[in-house]
Structures are given as C-alpha cells and as structure tokens.
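Welcome to a guided tour, to be followed with the viewer open. Keep the selection panel at hand, and we will go stop by stop.

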Amino acid sequence: MAEIVINNLRKDFGSFTAVKSSSFRIEDGEFFMLLGPSGCGKTTTLRMIAGLELPTSGEIYIDGEEVGQKPASERDIAFVFQMFALYPHMNVRRNISYPLVSQGMPKAQVKAKVAEVARILGIEEILNRPVGGLSGGDRQRVALGRAIVRDPKAFMMDEPLGALDAEFREHMSEELRALHDRMGATTVYVTHDQLEAMQMGDKIVVMNHGVVEQFGAPQDIYDKPATMFVADFIGSPAMNFLKFRGTVEAGATSVQMHRQGFGIPEMREPFDGDMVFGVRPEHVRLGDEGSYRGRILAAEYLGTTQIVTLDTANGQIKARIGSDRVVRTGDTVALDFDPATVTLFDSASGRALR
Ligand code: ATP
C-alpha cells in the first residue's frame, strides 16, 4: 500500500523538457490514470515514479519518504509493460515465480504464493504451459501475475492493454479493475485513451506538452474542465467552442453573445475580451422558439441518441439528442444551452473562467 505525492517534478532530456513542474497526489489504494496525447510526458512521469528515470528536479514521496533520487530497487514498485515482457523459454509457473526465486524465497513459500496468484488471475490450468503458445489475454495475465506475486507497494502500468484488440481490451480492462478492487494496491496507469481513463480511473491527471492541465475525479474533469485542452480531449464528440467577444461582471449569470443573452453558472471574477462559450453536445437543446438558430447539416444515428451537426453564427456545433426526434437536413431550428453546464474560457490562455 502506498500514497504517492509528486511535487514540482521536472525532467529534461538535454535541452528538451519532457515534464514541466508537475504536482499531484495519489491516495493509498487509488486506481490513478495518467492521460494525454502521445509525447505529453506520461511514460516519463511513470518511469520517474518507478525509479527507472531520475528527475531533473522536484520530489517524489512514497508514504512520506522522498525517493526521487533513489534507485528502482529501493522503491518496491512493480512495473507492467505494454509488450508482455515474459521469458519465452520458461513456462507460466516459472515466469510468475521468477521474482520470488531471484529474491531467494524458500521453495514451499514460492509454490504457495504462485498458487494464490494463479487463483486470483484464473490461470491455474495453464501454469505448466510454455508462454510461447498462449493467447494475448493469457500472456497479459501472466505478466500481471509476475507483477503482483511479490506484493509491491504500488503498480505502474504503461498502456498494458495497448496491444490487444478493441473487444478483448474492454474485457481485460474490466478484469484489471476488478483485480485492483480485490487487492486494493495503489496503481498508476498510463493511457492516451480518454474513454479508458474515464471508465477505469478513480482519479485522472490530464497532461499536455509536459504540463499537468488538470487533476481530479473523472466526473469533475468532464463537468468542470480547467482548460480548453481538457474540454476538447475528454468527451466524444468533443465540447463545442463558440467564440465571442464580450464582458462579464463578477456575479453575472448570463453573457451576451450575438446580441442574445445566454445563461451561465455564476461568475466569481469579471472578464472583458475574447472568450469561448463551451457546451457539451448533450447540453445543446433543439427547440422551435428563439432567436439563436442553427441549420441542420447532418444527423448521425447512434441507437438511442443521434448526433446532429448544425451551422450557426459561431460556426458548426454538434448536439446529442434523442433519436426519437425527427430532424431533417436543411431545416433551421432554435438552439439553447443548459446554463448549469456551460464553461466559459479565456480565449487567449485557454483557461476556464469561473
Ligand atoms: P507515448 O504515449 O507516445 O509514449 P508519452 O506521453 O508517454 O507518449 P513520453 O514517452 O513520456 O510521452 O515522452 C515525452 C517526450 O519526451 C517525447 O517527446 C519523447 O520523445 C521525449 N523523450 C522520452 N524519453 C526520452 C529520452 N530518453 N531522450 C530524449 N527524449 C526523450
């Protein structure tokens, strides 16, 4: 079990900064996601926590002890790689028992431990099979078995399901989450897949260009994005961004956009200048009355809902509405937005205005 605190962590590779001044906190027992596009510094962050890469500056605390400059062997953290890093010439049992044998654990104890892990993972039947002929899922279970067998303080997983096909990936992600819930060990998991992060994580850090854009529970990140990057990266289709220029006072509960008032959550700070009105597709309402209008360009049927693309004074926007509503391409409809769900952004910095 481990609580992990990251404080102003930075990593330079020569003149390139891969991770810039990152801070976040991982509670004991959490399933914690590092999310962001390719190259944003997720893997580098994970490797620094595990001790496979030393930080240029900043601190890493594991259970209150600063370990940033300590070698991996002194951190008691297990790393699960994307490509199942198994020993191909050994059978499943030997692959799983390897870390214990190399620690010098007595034989009987190793046997009991491997049996327990095999039971947790449901792989008792394949213990004597060579890993070479196993399916992708079974190999992944063996790789997990090798990681969990030594009861480490925490697990680091770098896109562990990245090599699996979509259907099997979903099955394994449920299995992995259930395994975590049974064992309760702190797990840090790298992914570039926002859906996977939302489904599996207790908390998510969203990174971009080496910077932590936001850190919080999946629903907070979805409902209250801190930046336009986060709002755009999380959710599909992405949040609509309507650009406008205007003024909002402290305490305002509406903004004027194209000479029409739109409700917003109460603003604490005033702002004057270029803004972006952010609204998720499921919070766009199609009606008959109202002066803010959109022309229907397309409708994509998705079963219970449909995604309607509309042309408006602010460019194209998307609405997710029930598929029972009949929409016709070319029709013009009135649009309004659920005020409680709107996020305003400062257009220049991309930061949310609250
Ligand atoms: P991906 O999902 O593509 O692995 P990532 O978010 O995990 O992306 P990192 O692997 O952490 O990103 O890499 C962040 C940046 O640092 C990238 O631009 C990468 O090229 C660079 N980088 C990583 N390791 C090194 C290294 N050893 N030397 C130089 N540059 C590196």
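Start by selecting helices α2 and α4: they pack at an angle of about 25°, and their axes are 7 Å apart. The axes here are lines fitted to C-alpha atoms, for helices over the stretch in contact, and angles run from 0 to 180 degrees between N-to-C directions. α2 and α4 are therefore roughly parallel to each other; angles under 35 degrees count as roughly parallel, over 145 as roughly antiparallel, 65 to 115 as roughly perpendicular and the rest as oblique. Their crossing is right-handed, a term used if the near helix is turned clockwise from the far one by less than a right angle, with anticlockwise being left-handed. Helices (H or I, at least four residues) and strands (E, at least two) are DSSP runs, numbered from the N terminus.

Before going further, note that this is a predicted model, in which local features need pLDDT of at least 70, side-chain atom pairs count only at pLDDT 80 or more, and totals for chains, interfaces and linings use all residues. Residues are numbered from 1 along each chain as its sequence is written.

Now show the side chains between these two helices. Val 92, Asn 95, Ile 96, Tyr 98 and Pro 99 in α2 meet Val 142, Gly 145 and Arg 146 in α4. The residues of this contact divide into five nonpolar, two polar and one charged. Ala, Val, Leu, Ile, Met, Phe, Trp, Tyr, Cys and Pro count as nonpolar, Asp, Glu, Lys and Arg as charged, and the others, Gly among them, as polar. Two residues are in contact if their C-beta atoms, placed from the backbone, lie within 7 Å.

**Next stop: α2 with α3**

On the α2 side, pick Arg 93, Ile 96, Ser 97, Leu 100 and Val 101; they meet Val 110, Lys 113, Val 114 and Val 117 in α3. This contact divides into six nonpolar residues, one polar and two charged.

Which residues of α2 are buried? They are Val 92, Arg 93, Asn 95, Ile 96, Ser 97 and Leu 100. A residue is buried if 20 or more other C-beta atoms lie within 10 Å of its own, exposed if 12 or fewer, and partly exposed in between. The buried residues of α2 pack against α3 and α4 (136–148). Just after α2, look at Gly 104, which takes a positive phi of about 85°.

**Next stop: α4 with α5**

Select α5 (residues 166–183) together with α4: the axes come within 11 Å and cross at roughly 20°. That makes α4 roughly parallel to α5, and the crossing is right-handed. Gly 136, Gly 137, Gln 140 and Ile 148 in α4 meet Phe 168, Met 172 and Met 183 in α5. The residues here divide into four nonpolar, three polar and no charged.

Center on Gly 136, which lies in helix α4. Gly 136 counts as partly exposed because it has 15 C-beta neighbours inside 10 Å. Leaving aside neighbours within four places in sequence, Gly 136 is in contact with Ala 163, Leu 164 and Phe 168.

**Next stop: Val 188**

Move to strand β8 (residues 186–191) and pick Val 188. With 26 C-beta neighbours inside 10 Å, Val 188 counts as buried. Leaving aside neighbours within four places in sequence, Val 188 is in contact with Ile 26, Phe 32, Leu 34, Leu 46, Ile 49, Ala 154 and Met 156.

**Next stop: the ligand**

Select the ligand and its surroundings: Phe 13, Phe 16, Ala 18, Gly 36, Ser 38, Gly 39, Cys 40, Gly 41, Lys 42, Thr 43, Thr 44 and His 192. The elements that give two or more residues to this shell are β2 (16–26) and α1 (42–50). The largest share, three residues, comes from α1. By type, the shell divides into four nonpolar, seven polar and one charged.

**Last stop: the whole chain**

Zoom out to see eight helices and 21 strands in the protein chain. The C-alpha atoms fill a box of roughly 80 × 45 × 35 Å, taken along the principal axes. Buried residues make up 36% of the 354 residues.

Methods: Near = placed C-beta within 6 Å.
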